[in-house]
Amino acid sequence: SHLCKEAITNGQEYSFTVTPYFIDENGNKHKGGDSPELTWTYLINMVMLNLTSNYSGELTITWAPNPYAGYYEVVYGLSEELTSAVVVIYMADQPTTQSIDGLIPGSYYYIKVRSCVLGMNNKIYYSDWSQTEPIIV
């Protein structure tokens, strides 16, 4: 079985079990034991709405809010792969437009954002990352 992403709801918690089946050497199908119940919270993909720079070592990022997010992670760095990147956390009650300063003027930075929520058993669930966007600061 599979899950159709169009049929699930942003912010909703879901549970499922996995049941394995195997075919023996005679071609007979056998059911294995069920897995423990697994849960996760679905968050829609993040969308970065605007990315601007004053070209003096500062950038401003705006993303679409997710009403079910507990917080957002913004990652930025000097390489497109975001190795040695900086992660900044903004709580969901903070504005979804934020400025980041102290950057190297004239340099390319790459930036992306995702939403996060704390689910059952204090497990953190994440949306997919937004597209990574470049900007000269």
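I take contact to mean heavy atoms within 4.5 Å.

**Entry 1: basis.** I worked on a predicted model, in which local features need pLDDT of at least 70, side-chain atom pairs count only at pLDDT 80 or more, and totals for chains, interfaces and linings use all residues. Residues are numbered from 1 along each chain as its sequence is written, and side-chain values use heavy atoms, with hydrogens and water left out.

**Entry 2: contacts of one residue.** I looked up the neighbours of Ile111, leaving aside residues up to four places away in sequence. Ile111 touches Met48, Leu51, Leu59, Ile61, Val74, Val75, Tyr76, Ile100, Gln131, Thr132 and Glu133.

Entry 3: In soluble globular proteins, nonpolar side chains tend to be buried together.

**Entry 4: whole chain.** I found 0 helices and 12 strands in the protein chain; both are DSSP runs numbered from the N terminus, helices being H or I of at least four residues and strands E of at least two. The chain exposes about 8600 Å², with carbon and sulfur atoms supplying 51% of it (Shrake-Rupley method, 1.4 Å probe; for residues, only the protein chains shown count as cover).

**Entry 5: a sheet.** I traced an open sheet of 3 strands in the order β5-β6-β9, with antiparallel pairing (two strands pair if DSSP finds at least two bridges between them). Strands β5 (48-53) and β9 (97-100) stand at the edges, each with a single partner strand, so one side of each is left without a neighbour in the sheet. Strand β6 (residues 59-63) pairs with β9 over 4 bridges in the antiparallel sense. Within β9, Thr97 stands opposite Thr62.

**Entry 6: a loop glycine.** I located Gly119 in the loop between β10 (108-118) and β11 (124-126). Gly119 is buried, its relative accessible area being 18%. Gly119 and Gln12 lie 107 residues apart along the chain, and their C-alpha atoms are separated by 9.9 Å.

Methods
Buried < 20%, exposed > 50% of the residue type's maximum accessible area, 1.4 Å probe, protein only.
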